[in-house]
Amino acid sequence: MLEFTQPPVGRVTFDVLQIDDRTDQELDTLPFGVIGLDEEGTILRYNLYEAQFARLDRNQVLGRDFFKEVARCTRGEAFEGQFRRGVAAGASGSFARFSFVFDFKFGAQEVQVEMVRPAGVPRYYLLINRTRVGPARPDRPPATLAVAQRELAPDEGTKGVRRDPIERRVVEVPWAFFAALRATCDQLAPGTWQMFCAEWGVQFGRRLAIDLENLAIETSGRSLGEIPMTEFATLVSRRLAQQGMGRASFDFAAIREGVLVIEVARSVLAEAAPRGRRGEHDPLSDLACPLLAGTLGAVAGHVAGRRLAAREVACASAGEPVCRFVVTSHARRTAIDEALARGTRGVEAIRELLRSAPSEPRDD
Amino acid sequence: MTEPTQPNIPVLPPPPAVGLAVIRNLEAKLAAAPSAQLLAKVPWDGPRLDPDILGTRAMLAWLR
């Protein structure tokens, strides 16, 4: 039986009884599905992980009846019955745990479910962990299958909404979008825009990690942490390439020094940046990809279950053949940042620096 | 506007043994001698740091 207080993915401890206090942004970084309901079964909250696996847009499911309008496969004693009984009994805390199979039109998903009511609030949470996914079960009557996105919003294509093959809303932007972003950064926040973009990357990376968890379990039935490093690297590289961000390669030569090196060829951020300038008042202006660094660090940190730092140490915008990033423990970030601010560039120079920089013991 | 497709799971084929990501410079997998601490806590398949074998979390545990 699952211990949701210690999710199987990562090492983040999580007290399910405090879940009502979590913001939507926090719920979006959890590696399992979270659905908040009122006592009638109306959907109040729906996190990113659940939206990705159910292939539904949360904006379309909020306010709907979970059992009747969205997850019709949950009607009946095995799932809805446990919820109704818990509500009727005034249950509090964790009041049901069971295995179930979600039936979608696009496939079936074996899940483990925990139902929780945090103390003192009239809200109920379904915590859902996917254990296996597979093709649709042929014997399921169509009327009992979970709803599909196109049923919830059948005419959205005429309203300027685009979706990818797994029903996520996507936006196509030209290269100039990133050039405009960088120009805005240089104009409004010279010398500090890197912090903004790095954090933007971290926030995106946490969500990308959920996307990659989805891919990992669909392709190999295992979490990101369990698949071989090569497969992880492939998933990351493939996803970034699909998004047009560039092509990532992983170099493990320095792993025994506690450093992972990632190269990104044809980074859209580097190519959208002004060429080869290190500003007098912006000593990091030649490193154009802090957003990508934040993303890579957050994805790696998600898998490692601890904070990691990723920094770009050489950039194609300054004439390098590719952009290079180092990923280390969070404790070493200050040493790297100080060196970069002094003008140190390149993987070898940073490796040399780190050999005498503070590090943390491996936390395994 | 093209209607969205709705493929069956899995969306993507299983990743190839060596995919888009170029795994460079694998000298480490031949030479690495993991610490006793790591040996004790990570399933280990011989004295190697092989990204084709070692799980991602175990590999990232080396970062410090």
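In this predicted model, Leu208(A), Asp211(A), Leu212(A), Leu215(A), Ala216(A) and Ser220(A) of helix H8(A) are in contact with Glu231(A), Leu235(A), Val236(A) and Arg239(A) of helix H9(A). By class, the residues of this contact comprise 6 nonpolar, 1 polar and 3 charged. The axes of H8(A) and H9(A), the latter covering residues 229-242 of chain A, come within 11 Å and cross at roughly 120°. The two helices are therefore oblique to each other, and their crossing is right-handed.

Helix H8(A) itself comprises residues 193-220, 28 residues in number. From its first C-alpha to its last H8(A) reaches 39 Å, close to the 40 Å expected at 1.5 Å a residue. Just after this helix, Gly221(A) adopts a positive phi of about 70°.

H8(A) also packs against helix H11(A), which covers residues 290-304 of chain A; the angle is about 40° and the axes lie 6 Å apart. This pair is therefore oblique as well, and H8(A) passes H11(A) in a right-handed crossing. In the contact of H8(A) with H11(A), 15 residues are nonpolar, 7 are polar and 2 are charged.

A further pair in chain A is formed by helix H12(A), residues 333-341, and helix H13(A), residues 347-354, whose axes come within 10 Å and cross at roughly 130°. H12(A) is therefore oblique to H13(A). The handedness of this crossing is right-handed. From H12(A), the residues Ala335(A), Ile336(A) and Ala339(A) meet Ile350(A), Leu353(A) and Leu354(A) from H13(A). The contact has 6 nonpolar residues, with no polar and no charged ones.

| Helix pair | Axis separation | Crossing angle |
|---|---|---|
| H8(A) and H9(A) | within 11 Å | roughly 120° |
| H8(A) and H11(A) | 6 Å | about 40° |
| H12(A) and H13(A) | within 10 Å | roughly 130° |

How far does helix H5(A) span between its end C-alpha atoms? H5(A), made up of residues 77-88, spans only 14 Å, whereas a straight helix of 12 residues would span 16 Å at 1.5 Å a residue. Just after H5(A), Gly90(A) takes a positive phi of about 65°.

Confidence is reported for the model as a whole and for each chain. The model scores ipTM 0.84 and pTM 0.82. Chain A averages a pLDDT of 90, and 93% of its residues score at least 70. Over residues 1-12 of chain A, however, pLDDT stays under 50; the model has 32 contacts beyond four places in sequence for this stretch.

For chain B the mean pLDDT is 48, with 23% of the residues reaching 70 or more. Where in chain B is confidence lowest, and where is it highest? The lowest value belongs to helix H2(B), residues 36-41, at a mean of 30, and the highest to helix H3(B), residues 56-60, at 91. Over residues 1-47 of chain B the pLDDT is below 50, and this stretch has 90 contacts in the model beyond near neighbours in sequence.

Technical notes:
Residues are numbered from 1 along each chain as its sequence is written. Chains are lettered from A and ligands numbered from 1 in the order in which they are written. This is a predicted model: local features need pLDDT of at least 70, side-chain atom pairs count only at pLDDT 80 or more; totals for chains, interfaces and linings use all residues. Helices (H or I, at least four residues) and strands (E, at least two) are DSSP runs, numbered from the N terminus. The expected span of a helix is 1.5 Å times one less than its number of residues. Axes are lines fitted to C-alpha atoms, for helices over the stretch in contact, and angles run from 0 to 180 degrees between N-to-C directions. Angles under 35 degrees count as roughly parallel, over 145 as roughly antiparallel, 65 to 115 as roughly perpendicular and the rest as oblique. A crossing is left-handed if the near helix is turned anticlockwise from the far one by less than a right angle, and right-handed if clockwise. Two residues are in contact if their C-beta atoms, placed from the backbone, lie within 7 Å. Ala, Val, Leu, Ile, Met, Phe, Trp, Tyr, Cys and Pro count as nonpolar, Asp, Glu, Lys and Arg as charged, and the others, Gly among them, as polar. pLDDT is the predictor's confidence in each residue, from 0 to 100.
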